[in-house]
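Please look over the chain shown here before reading on. The paragraphs below go through its parts one by one.

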Amino acid sequence: MELKLYDTLTKEKLPFRPLDPKNVRMYVCGPTVYDFAHIGNARPVIVFDVLFRLLRHIYGVDHVKYVRNITDVDDKINDRAARDFPGLPLSEAIRKVTEETEKQFHADVDALGCLRPTVEPRATEHIAEMRAIIEKLIAGGNAYVEQDHVLFNVASDPNYGKLARRSLDEMLAGARVDVAPYKHDAMDFVLWKPSKPGEPSWPSPGGITTQGRPGWHIECSAMAWKHLGEQFDIHGGGIDLVFPHHENELAQSCCAFHKDRMANVWMHNGFLQVEGEKMSKSLGNFVTIRELLTGWRGRSWPGDALRFAMMQTQYRSPIDWSLAACDNAFNTLKDFFSVAAPPSGEPPPSVIEALADDLNTPRVVAELHALRKQVRDPGDEAAVALGNALAFLGLDAARFAAWVAKADASAVSKAGNVDDLIADRAAARARKDFKESDRIRDELAARGIVLKDGKDADGKPVTTWEIAR
């Protein structure tokens with residue numbers, strides 16, 4: 001079995017060769033902690049959690065280091081803090097926002113069955129590393145100081161654009177570039193900038209006497225360097241980060257450390273849209289992980305179902321998120337768990353082989369269905385293999401069952417006198433008052449109760465009910 005991964009930089013799927021098999025290193029861009037994470041944010045979290053599990057399986061738990069950062073200095077954080085806590089000094093308000101949002105993020109991704117990374121560095125804890133890289137870039141002629149800003153000199157790097165595979169003119173035409181008097185060229189980007197009154201600030205590099213704060217791109221270069229070294233194995237994130245964020249990271253790190261590569265493999269998951277459209281608040285289809293877990297459009301699902309829904313699509317392909325996809329994932333997973341044996345060992349080779357083919361999760365799902373068809377009783381070989389496969393993928397039967405039990409109890413509580421209403425409906429139907437019968441049915445449906453009309457053994461009408469899914 002050979003692990004093959006698709007590299008965004010070379011546009012090839014190649015055998016994975018770690019720099020050091022005893023120290024496999026992966027960096028993934030994490031959340032900016034200013035609000036609940038949306039379902040698009042969940043995709044890279046799940047994708048690279050699956051890869052983390054696979055790498056641990058191949059190289060050993062103690063030989064894989066996964067770093068996913070927390071961005072806790074950003075204009076969006078400052079704006080949210082000023083909005084939510086207008087009576088507090090901005091620094092205190094920022095701390096409240098970032099601490100609370102980080103807790104929310106962890107709770108949500110824990111519910112999705114994701115392992116915690118080996119290290120979760122915060123940007124504000126790595127200012128010294130950021131300044132050190134900036135000083136290296138200035139000394140090497142790759143950055144300059146202008147009007148209390150430090151900017152990366154894009155023209156100094158002949159390889160700039162190789163990740164996005166676009167020329168400078170193409171990138172300039174397709175990017176939102178700030179035109180500013182302190183820039184020598186429109187494509188140059190900020191490494192360090194002066195802080196506004198009340199904003200977080202630190203001593204500036206480059207001989208600047210005023211306090212300032214880092215630009216976005218330098219943060220990840222510094223955290224990756226601190227925890228993984230000048231070069232490492234895998235850098236991951238969403239496809240939207242290829243340009244400018246990852247392009248700029250690559251340029252900074254390679255120029256600062258005089259290397260031709262930052263990461264040996266660049267991996268990017270595809271876009272996510274919701275029910276056929278780009279997710280946006282203006283379209284009313286913006287949905288957070290928390291909403292899907294607790295209630296979206298009158299429905300909710302366990303984190304395992306959301307995780308499994310993501311696995312239906314290969315990570316590099318676009319994914320269309322929908323109510324139907326969530327329902328299908330829930331029902332399939334419920335069926336799998338109903339026959340799978342408790343996990344007791346390694347996943348079947350067919351699952352590992354599918355994942356080793358550039359995380360081919362649709363093929364993995366097909367393997368799970370094949371195992372399900374082979375199950376004859378709860379203790380047979382297929383049931384054991386299915387249970388081991390589900391657990392390896394981060395799908396937990398106990399967690400799933402606990403969510404279902406809680407959801408059912410909540411629905412019954414909200415439904416109230418279901419049996420009484422069903423009796424009233426039966427009486428209405430008997431007297432042919434179908435308007436009242438339909439009203440009762442609709443009332444119960446609004447409470448999450450689905451009625452099923454049928455006949456008993458004697459042919460008499462009977463109505464049963466269940467919780468809607």
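Is lysine 281 buried or exposed? The model is a predicted one, and in it lysine 281 has 60% relative accessibility. Because exposed means over 50%, lysine 281 counts as exposed. This lysine sits in the loop that runs between β12 (277–278) and α8 (289–294). An unreviewed UniProt entry places the feature "binding site" at Lys281. Over residues 31–41, 27% of the chain is helix and 0% is strand. The end C-alpha atoms of that stretch are 8 Å apart.

Next, the overall division. The chain is split into domain 1 (4–269), domain 2 (272–409) and domain 3 (416–467). Taken over C-alpha atoms, the centres of domain 2 and domain 3 are separated by 33 Å.

Now the interior. In soluble globular proteins, nonpolar side chains tend to be buried together. Here the largest nonpolar core has 80 residues, and Leu55 and Trp321 touch the most other members. Helix α1 (residues 39–59) gives this core its largest share, 12 residues. Both domain 1 (4–269) and domain 2 (272–409) contribute residues to the core, so it lies between them. Leaving out residues up to four places away in sequence, leucine 55 touches Leu3, Phe16, Val24, Met26, Gly60, Val64 and Ile234. Another core, of 44 residues, lies apart from this one, and its members include Leu137, Tyr160, Ala224 and Leu250.

Helix α9 (residues 303–310) is mostly covered, with eight of its eight residues buried. Among the buried residues of α9 are Asp304 and Arg307, along with Leu306, Phe308 and Met310.

Helix α16 (residues 434–446) has 13 residues, and at 1.5 Å a residue it should span 18 Å. The end C-alpha atoms of α16 are 18 Å apart, which agrees with that expectation. Which residues of α16 are buried? They are Ser437, Ile440 and Leu444. Viewed down the axis of α16, these buried residues fall within an arc of 65 degrees, so they line one face of the helix. The face turned away from the buried side of α16 carries Lys435 and Ala446, which are exposed.

What do the buried residues of α16 pack against? Their partners are α15 (418–430) and β14 (449–455). Arginine 425 is found in helix α15, and at 5% relative accessibility this arginine counts as buried, because the limit for buried is under 20%. Setting aside neighbours within four places in sequence, arginine 425 is in contact with Ser437, Ile440 and Arg441, as well as with Leu451, Asp453 and Thr463.

Between α16 and β14 there is a loop that holds arginine 447. At 25% relative accessibility, arginine 447 counts as partly exposed. From arginine 447 to glycine 212 the distance is 54 Å, C-alpha to C-alpha, and the two are 235 residues apart in sequence. Just after α16, glycine 448 takes a positive phi of about 90 degrees.

How values were computed
Residues are numbered from 1 along each chain as its sequence is written. This is a predicted model: local features need pLDDT of at least 70, side-chain atom pairs count only at pLDDT 80 or more; totals for chains, interfaces and linings use all residues. Side-chain values use heavy atoms; hydrogens and water are left out. Helices (H or I, at least four residues) and strands (E, at least two) are DSSP runs, numbered from the N terminus. The expected span of a helix is 1.5 Å times one less than its number of residues. Buried means under 20% relative accessible area, exposed over 50%, partly exposed in between (1.4 Å probe, protein chains only). The arc is that of the directions from the helix axis to the C-beta atoms. Contact means heavy atoms within 4.5 Å. A nonpolar core is a set of buried Ala, Val, Leu, Ile, Met, Phe, Trp, Tyr and Cys residues joined through side-chain atoms within 4.5 Å. Domain bounds come from an automatic or database domain assignment. UniProt positions are given in the numbering used here, feature names are shortened, and annotations may be inferred rather than shown by experiment.
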